[in-house]
Amino acid sequence: MKMRYCDVGGTKGTVWTSVDASCEVSDSKAEKVGYDMNAVGTYKINGKLNNGCIVLTSYLQLTSLKKTSKVARVYQRYTYRD
């Protein structure tokens, strides 16, 4: 599997006065079962509840691949750091 891009969709809300968001694919290929792909999003937030910077890392791991039926299973996990 290959991750072609990432996006920072959903960065607008009522509790933030401004959000400066960016993302980057840091590992774009999962060539075998057990391998993973990663994307990192950085969000600089100013608002009513908090001000600062958070980092959201997305992990997609290839857990099963059936080439004949073209089916792949993935496990997804996010980590949050402020």
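How do the residues of the lining of the largest pocket divide into nonpolar, polar and charged?

1. In this predicted model, the residues lining the largest pocket divide into 9 nonpolar, 2 polar and 1 charged. The pocket holds about 200 Å³ of space, and the elements that give two or more residues to its lining are β2 and β3. The largest share, 4 residues, comes from β2. Among the lining residues are Met 3, Tyr 5, Cys 6, Asp 7, Cys 23, Ala 39 and Tyr 78.

2. The largest nonpolar core has 6 residues in all, namely Met 3, Ala 30, Met 37, Ala 39, Leu 60 and Leu 62, and the elements that give two or more residues to this core are β2 (36–47) and β3 (52–66). In soluble globular proteins, nonpolar side chains tend to be buried together. Met 3 and Ala 39 belong to this core, and both also line the largest pocket.

3. Leaving aside residues up to four places away in sequence, Met 37 touches Met 1, Lys 2, Met 3, Asp 27, Ser 28, Lys 29, Ala 30, Ser 58, Tyr 59 and Leu 60. Of these contacts, Met 3, Ala 30 and Leu 60 are also members of the core.

4. As for the pairing of the strands, β2 and β3 run antiparallel and are joined by 10 bridges, with Ile 45 having Gly 52 in β3 as its bridge partner. Strand β4 (residues 71–81) is likewise antiparallel to β3, to which 11 bridges join it, and Val 71 in β4 stands opposite Lys 66.

5. The hairpin of β3 and β4 has 4 residues between the strands, and in this hairpin Lys 70 takes a positive phi near 55°.

Notes
Residues numbered from 1 in each chain as written. Predicted model: local features only at pLDDT ≥ 70, side-chain atom pairs only at ≥ 80, totals over all residues. Heavy atoms only, no water. Core = buried A, V, L, I, M, F, W, Y, C linked by side-chain atoms within 4.5 Å. Buried < 20%, exposed > 50% of the residue type's maximum accessible area, 1.4 Å probe, protein only. Contact = heavy atoms within 4.5 Å. Pairing = 2+ DSSP bridges. 1 Å grid on protein atoms, 1.4 Å probe; cavity = no way out; pocket = protein on both sides within 12 Å on 5 of 7 lines; lining within 4 Å. Points joined across faces, edges and corners; volume = space filled by probe spheres on them. Nonpolar A, V, L, I, M, F, W, Y, C, P; charged D, E, K, R; others polar.
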